[in-house]
Amino acid sequence: SMGGGFVGMALLAGGRAEEALPRLERAARTCVAFDEPVSYMRTVLALGHARAAAPETDEACAAYRSVLARWGAAKPSSRTADAARAAATKLGCGGGAR
């Protein structure tokens, strides 16, 4: 269910990244990406933001890369992918960085 993702995003928006992280991790694991791809990708993007705040830079970069792998080449461009690209650049995620 997307419930955990929404709660996690709300906590993140409220500056409570530490509380948001486990909820977003769980939502990203349990959500069916095919049923709700937009919600799922937004959850993964938020997960990246929460990891970046932790800071868990490598894990954050992995989340951003996951969004970009799925939607990075979308036409018209995806706002979620644009946000992931901007966040990855700001965090200094290298293209091939692990």
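This is a predicted model: local features need pLDDT of at least 70, side-chain atom pairs count only at pLDDT 80 or more; totals for chains, interfaces and linings use all residues.

User: How many residues does α3 have, and what span does it reach?

Analyst: Helices are DSSP runs (H or I, at least four residues), numbered from the N terminus. The expected span is 1.5 Å times one less than the number of residues. Here α3 has 17 residues and reaches 24 Å from first to last C-alpha, close to the 24 Å expected.

User: At what angle do α3 and α5 pack?

Analyst: Axes are lines fitted to C-alpha atoms over the stretch in contact, and angles run from 0 to 180 degrees between N-to-C directions. For α3 and α5 the angle is about 15°, with the axes 10 Å apart. Angles under 35 degrees count as roughly parallel, so α3 and α5 are roughly parallel to each other. Contact means heavy atoms within 4.5 Å; among the residues making this one are Met 41 and Leu 45 of α3 and Ala 83 and Ala 87 of α5.

User: Which peptide bonds are cis?

Analyst: In general, most peptide bonds are trans. The bond from Ala 54 to Pro 55 is cis, with omega near -10°, and Pro 55 lies in the loop between α3 and α4. The bond from Lys 75 to Pro 76 is also cis, with omega near -10°; Pro 76 lies in the loop between α4 and α5.

How values were computed. Residues are numbered from 1 along each chain as its sequence is written. Side-chain values use heavy atoms; hydrogens and water are left out. Helices (H or I, at least four residues) and strands (E, at least two) are DSSP runs, numbered from the N terminus. Angles under 35 degrees count as roughly parallel, over 145 as roughly antiparallel, 65 to 115 as roughly perpendicular and the rest as oblique.
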